[in-house]
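Hi,

Here is the structure I promised to pass on.

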Amino acid sequence: MISVSNITKAFGTVQALRGVSTEFPERNTTVIVGPSGSGKSTLLRCLNLLEVPDSGTLTIDDAALTFPARLSRADRAQAADASTMVFQSFNLFPHLTVRDNVALALRQYIRRNRDALVGDVTGSATELAQQIAQDRLEQVGLADKGDAYPSQLSGGQQQRVAIARALAVSPTYLLCDEPTSALDPELAVEVSRVLIDVARSGQSLVIVTHDLAFARRVADRLIFLDEGVIGYDGEPSGFFGSTDPRIRDFLAIFEI
Ligand SMILES: Nc1ncnc2c1ncn2[C@@H]1O[C@H](COP(=O)(O)OP(=O)(O)OP(=O)(O)O)[C@@H](O)[C@H]1O
Ligand SMILES: [Mg+2]
């Protein structure tokens with residue numbers, strides 16, 4: 001499990017996180033919401049050390065990192081194994097097919113984990129990567145798009161490829177930063193559906209989103225960040241029914 005205790009992070013004079021403590025239970029979906037600039041992306045990025053906190057403690061399983069810390073290669077590797085990020089802007093390689101985009105990160109992963117990968121594994125790392133990539137594409141409903149190039153896909157399909165790519169390396173947590181906000185509404189719905197399926201499969205998820213309808217459907221737990229502090233952390237129903245004026249003001253923007 002990943003947890004944070006009293007995490008702070010500043011960018012120059014901007015205090016993005018002002019002491020955040022919470023846990024991200026495994027096999028659960030935690031959704032982070034809050035106004036623009038409240039620190040949501042920063043918190044998510046701290047979980048896999050894309051941002052390094054200034055102070056506080058990040059605990060991944062039984063390994064605690066207290067900041068400021070000198071991060072070893074092993075610390076970074078552990079954080080990278082524990083979680084993989086899905087970005088708003090997909091970040092696919094345009095010159096690689098969809099299947100190769102998914103397979104690329106996998107080849108290295110397979111070389112490192114060959115002994116742990118059981119089953120009828122006889123072929124080369126490349127062949128195995130292609131096979132796992134195809135399975136993941138199937139999981140996101142894109143089994144027939146493996147040979148296409150990203151430019152031949154809709155934005156929603158490209159984001160589903162990015163989700164398949166992130167899942168391919170079997171991270172404990174999938175971290176998603178506004179996975180649907182670059183998409184037209186009908187494409188956003190198809191990506192949301194895939195993420196709901198992924199959540200139902202037991203995958204541990206942390207999702208930052210502005211889509212409160214989606215948040216309500218997918219969240220087991222909901223965190224409301226406001227100016228770098230947690231304003232709510234608990235059951236989604238308690239958030240949507242809250243009488244806290246800050247939460248009511250936030251929900252009023254979305255007419256909820
Ligand atoms: N790399 C950076 N350099 C400077 N300031 C940054 C950087 N990243 C974030 N910030 C600042 O830190 C604060 C929190 O940013 P963050 O991106 O975490 O907010 P957010 O809640 O994700 O916002 P949004 O909903 O707009 O994505 C903001 O004031 C932002 O301008
Ligand atoms: Mg953000």
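In which sense do strand β7 and strand β8 pair, and over how many bridges? β7 (residues 173-177) and β8 (residues 204-208) run in the parallel sense, and five bridges join them. Within that pair, D177 sits opposite V208 in β8.

Some ground rules before the rest. This is a predicted model, where local features need pLDDT of at least 70 and side-chain atom pairs count only at pLDDT 80 or more, while totals for chains, interfaces and linings use all residues. Residues are numbered from 1 along each chain as its sequence is written, chains are lettered from A and ligands numbered from 1 in the order in which they are written, and side-chain values use heavy atoms, with hydrogens and water left out. Helices (H or I, at least four residues) and strands (E, at least two) are DSSP runs numbered from the N terminus, and two strands pair if DSSP finds at least two bridges between them.

Back to the sheets. β7 and β8 belong to an open sheet of six strands in the order β6-β7-β8-β3-β9-β10, with mixed pairing. At its edges are β6 (83-86) and β10, each with a single partner strand, so one side of each has no neighbour in the sheet. From one strand to the next, the twist averages 15 degrees. (Axes are lines fitted to C-alpha atoms, for helices over the stretch in contact, and angles run from 0 to 180 degrees between N-to-C directions.)

There is also an open sheet of four strands, ordered β2-β1-β4-β5 with antiparallel pairing. Here β2 (14-24) and β5 (63-67) take the edges with a single partner strand each, so one side of each is left without a neighbour in the sheet. The twist in this sheet averages 20 degrees from one strand to the next. Inside it, β1 (residues 2-11) and β4 (residues 55-60) pair in the antiparallel sense over five bridges, and S5 stands opposite T57 in β4.

α2 (residues 73-82) lies across β1, β4 and β5, at about 60 degrees to β4. On the six-stranded sheet, α2 touches β6 and β7, and its direction makes about 65 degrees with that of β6. Contact here means heavy atoms within 4.5 Å.

Next, the charged pairs. A salt bridge is a side-chain nitrogen of Lys or Arg within 4 Å of a carboxyl oxygen of Asp or Glu, and the count comes to five. One of them joins E190 and R160 (2.9 Å, N to O). E190 lies in helix α6 (residues 185-200) and R160 in helix α5 (residues 155-168), so the pair ties together parts 30 residues apart in sequence. Another links D233 to R221, with the closest N and O atoms 2.6 Å apart. D233 is in strand β10 (residues 229-234) and R221 in strand β9 (residues 221-226), twelve residues apart.

Finally, the ligand. Which residues come nearest to ligand 1? Of the 13 residues around it, the nearest are S36, G37, K40, S41 and T42, where "around" means having a heavy atom within 4 Å. As for polar contacts (N or O atoms within 3.5 Å), a polar side-chain atom of T42 lies 2.5 Å from an oxygen atom of ligand 1. A polar side-chain atom of H210 is 3.4 Å from a ligand 1 oxygen, and a polar backbone atom of G39 is 3.1 Å from one.

Cheers

Technical notes: Polar contact = N/O pair within 3.5 Å; in protein donor to acceptor, adjacent residues only side chain to side chain.
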